[in-house]
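Open the model in your viewer and keep the sequence panel beside it. This tour goes from one selection to the next and says what is there at each stop.

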Amino acid sequence: MYHKRRSPPGSAPATLVPHSVDGDSRHPKIDAIFYDAGKLVEAHSHSIEEIFSKIGAARFAWINISGLGDLETLKSVATRMKIHPLALEDVLNLGQRPKVEEADDYLFVIAQMVYLNREKAFCHEQISMFIADNLLVSIQEEPEFDVFDQVRARLRAGRSMIRQSGVDYLAYAMIDSIVDHYYPVLENVGNRLDQLERLALTHPTRDLVEQIRETKRTLTQLRRLAWPMRELVSSLMHDTRSMLSKTTKVYLRDCYEHTVQLMDLIESYREVSAGLMDLYVSSVGLRTNEIMRVLTVITSIFIPLTFIVGIYGMNFSAVSAAGKPMPLNMPELNQPYGYLSVMAVMFIIAAVQIYLFRRMKWL
C-alpha cells in the first residue's frame with residue numbers, strides 16, 4: 001500500500017472524508033478487550049455505543065477499530081474522549097508521518113505498521129492511537145491484517161506483565177510490536193538483494209533492472225516510515241507528563257534501540273541496492289567483452305584460411321589455351337591431391353592458432 005488519501009485541496013480545516021474501498025464505505029469492525037490483573041473480557045460489535053457501554057467491566061480497556069468508512073463511529077469516539085477535530089482529520093488522512101501530540105486528556109499517536117501480506121508483498125497501514133488514563137483506542141485502516149496478535153495473546157495470558165500494567169504499557173507493547181515487524185520485512189528485502197546480486201553476476205537481463213528499481217523503491221519507503229518512528233519513540237521517552245509511567249519509559253528505551261538498528265539495516269541495504277546497478281552494468285560489460293573476445297578469436301582463425309582460399313579462388317590456369325605450361329600461374333592446380341593438401345594445411349594452421357590462443361589464455 002503506497003497510497004495516500006487526503007481531503008480535497010482547499011477544504012476547510014478538520015474536513016472529515018470517510019475512507020472507501022472500491023467506492024464502498026465499509027462499516028468498521030470493532031473489537032474490545034477489558035482487562036486487569038484478575039479479569040479479562042472480550043467484546044466484538046459493529047456498534048461503538050455498545051462497546052462503550054461495557055467500559056467498567058474491568059479496570060483497563062483497549063478498543064480497536066478496523067476500518068475508516070463510518071464517520072459516525074469516529075465522531076462518537078471523539079465526543080467521548082474529547083478529541084480535537086484536527087486529530088480526527090489526521091486519522092482519516094492516510095500517509096501521515098509518525099508523530100506524537102499531547103492534549104489535556106489524552107496522547108495522540110500515529111504510527112506506520114508494515115507487514116508482508118499473503119503474497120509476501122510489502123504493505124503498510126496507518127495506526128492511530130488515543131491513550132487516556134484507563135482507555136486506549138486504536139484505529140487502523142483495514143481489518144484483514146495487523147501486527148498485534150502477540151499483544152492479544154499476552155493479554156489473554158493471566159500472569160503477563162501487560163495485564164498488571166496500565167494502558168500506557170499496552171501502548172508501548174503495540175508500538176514495540178509495530179517496530180519489531182519491520183525486521184521480517186527487512187529480512188525479506190535482504191534475501192531479495194542476495195538473489196538479485198546472484199542474478200546480476202550470472203544472468204544480467206533487462207528485467208533485472210526493474211527488480212532492482214522496485215527494491216530500491218521499497219527501501220526508500222521503509223526509510224521514510226522508520227525514520228520518524230525513531231522520533232516518535234524518542235518523544236514518548238521524554239514525555240514530561242504523567243501519562244506514561246517511568247517503568248514504561250524504561251521499556252521504550254529498548255524500543256528506541258530497535259529503531260536505531262532498523263535505520264542501520266535500511267541504510268546498509270540502500271547501499272547494497274545502489275551497488276547492484278553498478279554490478280549489473282559491470283556484469284553486462286564483462287559479458288559483452290567475453291562475447292567479443294570469442295568472436296575476435298574466431299575471426300583471427302579464419303583470416304589466414306580466408307587468405308588461402310582467396311588465392312586459390314582466383315582461377316588462374318596452369319596452362320595456356322594452346323596447352324603451353326605456365327609455371328608462374330598457380331602450378332599447384334595440376335598437382336595430385338592438391339585439394340586435400342590445401343585442406344590439410346588449413347586445418348594445421350587453425351589447430352596451431354587454437355593451441356597458441358589457449359596457451360595465452362585467450363580462450
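## First stop: S128 and its strand

Select S128: leaving out residues up to four places away in sequence, S128 touches V91, F108, V109, I110, V137, S138 and I139. The model is a predicted one. S128 belongs to strand β6, residues 122-131. Is S128 buried or exposed? S128 counts as buried because its relative accessibility is 1%, and the cut-off for buried is under 20%.

Now extend the selection to the whole of β6. Of the 10 residues in β6, 10 are buried.

## The strands beside β6

β5 and β6 are paired antiparallel over 10 bridges. Two places to check are V114, which stands opposite H124 in β6, and L107, which stands opposite I131 in β6. Nine of the 10 residues of β5 are buried, so the rest of the structure largely encloses this strand.

Next, follow the chain from β5 into β6. The two strands form a hairpin with five residues between them. Pick K120 in this loop. The phi of K120 is near 60°, which is positive although the residue is not a glycine. K120 is exposed because its relative accessible area is 57%, and exposed means over 50%.

On to strand β7, residues 135-140, which pairs with β6 in the antiparallel sense over five bridges. Which residue of β7 is the bridge partner of I127? The partner is Q140. β6 and β7 also form a hairpin, with three residues between them.

Four bridges join β4 to β5, and the two run antiparallel. Here V100 stands opposite V109 in β5. The hairpin made by β4 and β5 has four residues between the strands.

Select F60, in strand β3, residues 60-66. F60 counts as buried because its relative accessibility is 5%. F60 and L135 are 75 residues apart along the chain, yet their C-alpha atoms are separated by 6.0 Å. Setting aside neighbours within four places in sequence, the contacts of F60 are I33, F34, Y35, D36, N134, S165, G166 and V167.

Move to K82, in the loop between α2 (71-81) and α3 (85-92). Its phi is near 55°, another positive value in a residue other than glycine. K82 counts as exposed because its relative accessibility is 64%.

In soluble globular proteins, nonpolar side chains tend to be buried together. To see this here, show the side chains of W62, L170, I175, I178, Y182 and L222. Of the 58 residues in the largest nonpolar core, these six touch the most other members. Helix α8, residues 206-237, gives the most to this core, with 11 residues.

Zoom in on I175. Apart from neighbours within four places in sequence, I175 is in contact with V109, M129, M229, L232, V233, L236 and C255. A second, separate core has 31 residues, including F34, L94, I110 and F130.

## Two cysteines

Select C123 and C255. C123 is buried, because its relative accessible area is 9%. C255 is also buried, because its relative accessible area is 0%. A disulfide is a covalent bond between the sulfur atoms of two cysteines. How many disulfides does a search of the whole structure find? The search finds zero.

## Last stop: helix α9

Finally, select residues 246-312. This is helix α9, with 67 residues, and it reaches 99 Å from its first C-alpha to its last. That is close to the 99 Å expected at 1.5 Å a residue. Where in α9 does a kink lie? Look at I303: the kink there is about 30°, and it comes shortly before the proline P304.

Definitions and conventions. Residues numbered from 1 in each chain as written. Predicted model: local features only at pLDDT ≥ 70, side-chain atom pairs only at ≥ 80, totals over all residues. Heavy atoms only, no water. Expected span 1.5 Å × (residues − 1). Bend = angle between axes of the 7 residues up to and from the residue. Core = buried A, V, L, I, M, F, W, Y, C linked by side-chain atoms within 4.5 Å. Buried < 20%, exposed > 50% of the residue type's maximum accessible area, 1.4 Å probe, protein only. Contact = heavy atoms within 4.5 Å. Pairing = 2+ DSSP bridges. Disulfide = S-S within 2.5 Å.
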